[in-house]
Amino acid sequence: MKAYERLLNYVKILTPSNENSQTVPSSDCQFNLARILEKEMNKLGLTDVYLDDKCYLYGYLYGKLPATKGYENCPAIGFIAHMDTVSDFCDHPIHPMLTKNYNGEALPLGDSSLVLDPKVFPHLSSLKGRTLITSDGTTILGADDKAGIAEILTMIEYITANN
């Protein structure tokens with residue numbers, strides 16, 4: 001699966017943080033994404049997959065990719081991303097939009113009346129010809145840091161598939 005395909009799946013899962021919460025994670029809905037990621041990590045062949053959701057309710061999710069044979073004594077590296085998103089504008093389902101071959105002009109965000117305009121965001125014109133992922137303008141996209149999660153799991157998939 002490509003990283004952007006994972007991202008499109010992950011952003012649909014509501015994970016808003018709650019700034020007034022005294023718990024970690026700050027909202028229970030973050031476990032919805034964590035449980036999906038836990039299953040995906042197991043399916044990708046990670047070992048020691050562990051979701052801290054029973055004892056302490058921290059919502060930390062861990063997994064290990066075993067070292068390649070002959071490299072067991074080499075230093076390990078860790079990759080970290082967070083699952084929560086900002087709480088602004090995410091009180092209803094998130095609908096990501098995929099715009100292939102972006103034309104470099106003003107981009108309407110669904111039926112929301114919001115537009116990404118290169119006059120306001122000059123860097124947009126440099127993205128002409130690329131594929132853009134945005135929200136439909138009614139919510140945030142929530143790519144921070146679900147994009148990081150998508151990249152990490154896609155990397156794991158690539159490494160395991162290519163030995």
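Predicted model: local features only at pLDDT ≥ 70, side-chain atom pairs only at ≥ 80, totals over all residues.
Let me start with a term: a residue is called exposed when its relative accessible area is over 50%. By that cut-off Asn 101, at 58% relative accessibility, counts as exposed.

Staying with Asn 101 for a moment, its phi is near 50 degrees, which is a positive value in a residue other than glycine, and the residue sits in the loop that runs between strand S3 (96-99) and strand S4 (107-108). Asp 48, however, is found in strand S1, residues 47-51, and with a relative accessible area of 52% it is exposed.

There are also cis peptide bonds to point out on the backbone. One of them joins Val 24 and Pro 25, with omega at about 0 degrees, and Pro 25 belongs to the loop between helix H1 (3-10) and helix H2 (30-43). Another is the bond from Asp 144 to Asp 145, where omega is near 15 degrees, and here Asp 145 is found in helix H3, which covers residues 143-161.

Now to the charged side chains. How many salt bridges does the count come to? The count comes to three, and I will begin with the one between Glu 40 and Arg 6, whose closest N and O atoms are 2.4 Å apart. Since Glu 40 lies in helix H2 and Arg 6 in helix H1, this pair ties together parts that are 34 residues apart in sequence. Both Glu 40 and Arg 6 are buried, and for Arg 6 the relative accessibility is 2%.

Arg 6 also meets the side chain of Glu 157 in a salt bridge, at 3.2 Å from N to O. Arg 6 is in helix H1 and Glu 157 in helix H3, so the parts tied together by this pair are 151 residues apart in sequence. Glu 157, for its part, is partly exposed, with a relative accessible area of 23%.

The remaining pair brings us back to Asp 48, which forms a salt bridge with Lys 64, the closest N and O atoms being 3.7 Å apart. Lys 64 lies in strand S2 (residues 61-64) and Asp 48 in strand S1, so the pair ties together parts that are 16 residues apart in sequence. As for shared partners, the salt bridges join Arg 6, Glu 40 and Glu 157 into one network.

Finally, the aromatic rings. The structure holds two aromatic pairs. In the pair of Tyr 58 and Tyr 60, the ring centres are 5.9 Å apart and the planes stand at 45 degrees, so the pair is tilted. In the pair of Tyr 60 and Tyr 62, the centres are 6.4 Å apart and the planes are at 40 degrees, so that pair is tilted as well.

Which residues do the ring pairs link into a cluster? They are Tyr 58, Tyr 60 and Tyr 62. With regard to accessibility, Tyr 58 is partly exposed at a relative accessible area of 37%, Tyr 60 counts as partly exposed at 43%, and Tyr 62 is partly exposed at 46%.

Note on methods: Residues numbered from 1 in each chain as written. Heavy atoms only, no water. Helix = DSSP H or I, 4+ residues; strand = E, 2+ residues; numbered from the N terminus. Buried < 20%, exposed > 50% of the residue type's maximum accessible area, 1.4 Å probe, protein only. Phe/Tyr/Trp six-rings, centres within 6.5 Å; stacked < 30°, edge-to-face > 60°. Salt bridge = Lys/Arg side-chain N within 4 Å of Asp/Glu carboxyl O.
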